[in-house]
Amino acid sequence: MNTKTKFQLSFMMFLEFFIWGGWFVTLGTFLGTNLKASGGEIAQAFSTQSWGAIIAPFIIGLIADRYFNAERILGVLHLIGAFLMYQMYMTTEFTVFYPYVLGYMILYMPTLALVNSISFNQMKNPAKEFSPIRVFGTIGWIIAGLVISYVFLWDSPESLEAGMLKNTFLMVAIASAILGLFSFTLPKTPPRVDKGEKVTLSDILGLDALKLLKDKNFLVFFMASVLICIPLAFYYQNANPFLTEIGLNNPTGKMTIGQASEVLFMLLLPFFFTKFGFKKTILVGMLAWTVRYLLFAYGNAGDLAFMLILGIALHGICYDFFFVSGQIYTDTKAGEKYKSAAQGLITLATYGVGMLIGFWIAGQITDSFLLEDGTHTWEKIWIYPAAFAAVVFVLFAVIFKNEKVEYKS
């Protein structure tokens, strides 16, 4: 791959995740502060990610893979996304905001697969070449958080009171427009499926991989993946509002520690996976969720702020040790024929169904501990996902039989 192509793909990844990190992290805080949304309404807004994940395979399977170049679809989706982001920036009521965010996520979630397709299409050895490109996505997410907290100070108490957090949508609208236009300069990625080839609903949703559930161990892992998304939803939905409400300075910037940790533990994962095996690695990931939420429950923005920072820093173990090692496990179990179908099924089950349930539960529990002055009893809220993750940990430890993970010949 030449230098120009590396730059193009790296810049694409940077903007793709700068866009996501530039508004999604602070969404709960914006909705609660600017639009006075309830926990249930905030849950509805976050659930648009799940609806996007459920609908995305249809956009990719029926349109991107059959009729148009991936880079052109990427450009069109981000240009429309820029318009929707600007509409969100202008909105002052949740009922008006919701249709825009739903439409945006239905368009954005397919772009996650598109940027990967465009990248892989230019690589001779994705195993070696993809990571150095993909890491710019994580850097983009981190930069977005640092810009919000340390450059524009939009999440400071004064700025929140003045309603300045809405500017995140304007910033992302500009970035989305840039990526939309830039996409048309990317290397050509033509359709992978012949227009005349019949594509079934089973192909699109990866339902062929359902036969893997006959394997008891894979079934246990599959169910655990769905269930662990419930505590994961609490983090996405509540972490930033929680840190902001209790008065932690520069909360969005500090949350980027989680992405830095993700990079570190991604590098350490092969060592853990090789030395301790799949079951122990994934159990450590599950246990980290429980520890993180206990740290959130009993930490504070004063002398115990280190507990909050440690909870954020655990994100690398929480995410990489469970989800990334789970993707590797799925890949080995699927074999060559069902690789894509299996990964698609896991994504649909986790980011689709699991997170959809998780956001709803998080919204209900958050509303149940709302106080008259508009604050929350956060200690009690965080105990719920901590306990839930602990139950999933115990069930997986007991039911999942240890096995050596290796690729099928």
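Reply: Searching the whole structure turns up three cavities of 30 Å³ or more. Before the details, some ground rules: this is a predicted model, with local features needing pLDDT of at least 70 and side-chain atom pairs counting only at pLDDT 80 or more, while totals for chains, interfaces and linings use all residues. Residues are numbered from 1 along each chain as its sequence is written, and side-chain values use heavy atoms, with hydrogens and water left out.

A cavity here is a set of points, on a 1 Å grid over the protein atoms alone, where a 1.4 Å probe fits but cannot get out; a pocket is an open set with protein on both sides within 12 Å along at least five of seven lines, and lining residues have an atom within 4 Å of a point. Grid points are joined across faces, edges and corners, and the volume is the space filled by probe spheres set on those points.

On that basis the largest cavity comes out at about 130 Å³. Its lining is made of Gly-21, Phe-24, Val-25, Trp-141, Gly-145, Tyr-235, Tyr-236, Thr-252, Met-255, Thr-256, Gln-259 and His-315. Three helices each supply at least two of the lining residues: α6 (126–151), α10 (216–245) and α11 (251–298). The largest share, four residues, comes from α11. (Helices are DSSP runs of H or I with at least four residues, strands are runs of E with at least two, and both are numbered from the N terminus.) Sorted by class, the lining has six nonpolar, six polar and no charged residues. For that sorting, Ala, Val, Leu, Ile, Met, Phe, Trp, Tyr, Cys and Pro count as nonpolar, Asp, Glu, Lys and Arg as charged, and the others, Gly among them, as polar.

The structure holds 48 aromatic pairs, where rings of Phe, Tyr and Trp (its six-membered ring) pair if their centres lie within 6.5 Å, and planes under 30 degrees apart count as stacked, over 60 as edge-to-face and the rest as tilted. Phe-24, from the cavity lining, pairs with Trp-20: the ring centres are 6.0 Å apart and the planes sit at 55°, so this pair is tilted. Phe-24 is buried at 3% relative accessibility, and Trp-20 is buried too, at 9%; buried means under 20% relative accessible area, exposed over 50%, and partly exposed in between (1.4 Å probe, protein chains only). Another tilted pair is Phe-272 with Phe-276, at 5.7 Å centre to centre and 35° between the planes. These two are four residues apart in helix α11, which puts about one helical turn between them. Phe-272 is partly exposed at 24%, and Phe-276 is partly exposed at 38%.

At least two lining residues come from each of α2 (27–33), α3 (39–64), α7 (157–161), α10 and α13, with α10 giving the largest share, five residues.

Asp-215 and Lys-333 meet at 2.6 Å, N to O. Asp-215 lies in the loop between α9 (201–205) and α10, and Lys-333 in helix α13 (residues 315–368), so the bridge ties together parts 118 residues apart in sequence. Lys-333 also meets Glu-403, at 3.3 Å, N to O. Since Glu-403 lies in the segment after α14 (378–399), that pair ties together parts 70 residues apart. Shared partners join Asp-215, Lys-333 and Glu-403 into one network. Lys-333 is buried at 14%, whereas Asp-215 is partly exposed at 29% and Glu-403 is partly exposed at 25%.

Finally, the cysteines: there are zero disulfides, a disulfide being a pair of cysteine sulfur atoms within 2.5 Å. The sulfur of Cys-229 has its closest cysteine sulfur in Cys-318, 12 Å away, which is too far for a bond. Cys-229 is buried at 1%, and Cys-318 is buried at 0%.

Conventions: A salt bridge is a side-chain nitrogen of Lys or Arg within 4 Å of a carboxyl oxygen of Asp or Glu.
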